[in-house]
Amino acid sequence: MTRRISIFGSTGSIGESTIDLIARDPEAYETVALTGGHNVARLAEQALQLQAEIAVTAHEENLAELRDRLAGSGIETAAGARAIEEAARRPADWVMSAIVGAAGLPPGLAALEEGATLALANKETLVTAGPLVLETARKHADKGARLLPVDSEHSAVFQGLVGEEMSAVERIIITASGGAFRDWPIEKLAEATLAQASAHPNWDMGQRITIDSASMFNKALELIETHEFFGVGPDKIEVLVHPQSLVHALVGFNDGALMAHIGPPDMRHAIGYALHWPTRKRLPVDRLDLAAIGALEFRAPDETRWPALRLAREVMQAGGLSGAVFNAAKEAALDGFIAGRINFVRMSEVVEEVLTRLSADSGLIHADINLDNVLRADQMARNEAARIIETT
Ligand code: NAD
Ligand code: MG
């Protein structure tokens, strides 16, 4: 039986890896929707290759070009955030959430409401609105709604928990490569350039998550994602620096056992696991030769080097909409760094200032976690960050 699939963010790093997997077995899948941003040429190419029902670009100004490129193909086209959300409402069995940033939240929620399995690469979905997303998945579970992790660490934990009781879990350890500046002298970090921050030692990913790996904001988001997805208290979640990026996560049990997930740094493993779950299928990833690798190193993370980790713990303690504020402030600070308006170190300072200012508004932080309030908190945090950056 063919499965109906959609890919949100199909032109990105995760989107391309997802297409790589499904294109190897074209008979097994029917493509419903593909969505992208400015890379219209690639989006059109993908839509033709997979014979998608609809291709959607996030930007209205790209619609004419997308239409031209798909003229005569019978593939529908659309543009804008609302069109992306509508595309997520088309019946699909499996939906890849691989847009970058909080923009991934509305289509993810829409797909769950329609009863899809949501393969979640977009960690921002759980960071900004974890309780709402989990509740939506539960509410529509009878129609088939379900969340599966795709972030490599969370896929690793998920695999480590198969057949286990959550009550026996003592701790969850997610690993971090340490990113581009793991071994830089801390006092040099303020001079880090965009090009230096955009080069990851082990993983080939989108630019934003690569810079977030250097600042550890990626790991900070993943701490919150772990807390939300697995329902584990912040005190039971640890980060371990592991330069080789081969052990992705470890689950510690009450008998002292640690179950580690080891695999090559290739997102097609986690994507493929979510695609074929609950079964395992052969995947085109390298097989590790541990004898050749020889050694795996681990060290404790230095929170002076990476203040993002401390901020994530504060966010988990505060709860409510502080995750939405944290993520939006981070996105705005990252925009500021990419645009050359603030330096690398200033990013975490901006995020902390936004959190401090907006946390004083407990009406904002502790409002109901619904989509309107999440988007409001998100917008307020972006505005606040923009003000802070302007006066920097
Ligand atoms: P990317 O930048 O390579 O691709 C992002 C995709 O989203 C592109 O298709 C882009 O056109 C689209 N997009 C960007 N802004 C958009 C907007 N405002 N509205 C709609 N679409 C938009 O990113 P990526 O590295 O593939 O990461 C995607 C998500 O997966 C992120 O949340 C990231 O944290 C997560 N993730 C990525 C990796 C990885 O290896 N790349 C690993 C784990 C988790
Ligand atoms: Mg990850």
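The legends below describe close-up views of a predicted model. Local features need pLDDT of at least 70 and side-chain atom pairs count only at pLDDT 80 or more, while totals for chains, interfaces and linings use all residues; side-chain values use heavy atoms, with hydrogens and water left out. Residues are numbered from 1 along each chain as its sequence is written.

**View 1. Salt bridge between K123 and D151.** The side chains approach to 3.0 Å, N to O. A salt bridge is a side-chain nitrogen of Lys or Arg within 4 Å of a carboxyl oxygen of Asp or Glu, and by this rule the count comes to 31. K123 lies in the loop between β6 (117-120) and α6 (124-139) and D151 in the loop between β7 (146-149) and α7 (152-160), so the pair ties together parts that are 28 residues apart in sequence. Helices (H or I, at least four residues) and strands (E, at least two) are DSSP runs, numbered from the N terminus. Both K123 and D151 are buried. Buried means under 20% relative accessible area, exposed over 50%, and partly exposed in between (1.4 Å probe, protein chains only).

**View 2. Salt bridge between D266 and R268.** The N to O distance is 2.9 Å. D266 and R268 are both buried.

**View 3. Salt bridge between E349 and R346 in helix α15.** The closest N and O atoms are 2.9 Å apart. The two residues are three apart within α15 (residues 346-359), about one turn of the helix. E349 is partly exposed, with a relative accessible area of 35%, whereas R346 is buried at 17%.

**View 4. Network of salt bridges.** The linked residues are R4, E30, E53, E76 and R90.

View 5. T125 is buried, at 1% relative accessibility. Its side chain makes a polar contact of 2.6 Å with that of N122. A polar contact is a pair of N or O atoms within 3.5 Å; within protein, one must be able to donate a hydrogen and the other to accept it, and residues adjacent in sequence count only if both atoms are side-chain atoms. Leaving aside residues up to four places away in sequence, T125 touches S97, G104, L105, L120, G130 and V133, where contact means heavy atoms within 4.5 Å. The C-alpha atoms of T125 and A197 are separated by 24 Å, the two residues being 72 apart along the chain.

Conventions: Chains are lettered from A and ligands numbered from 1 in the order in which they are written.
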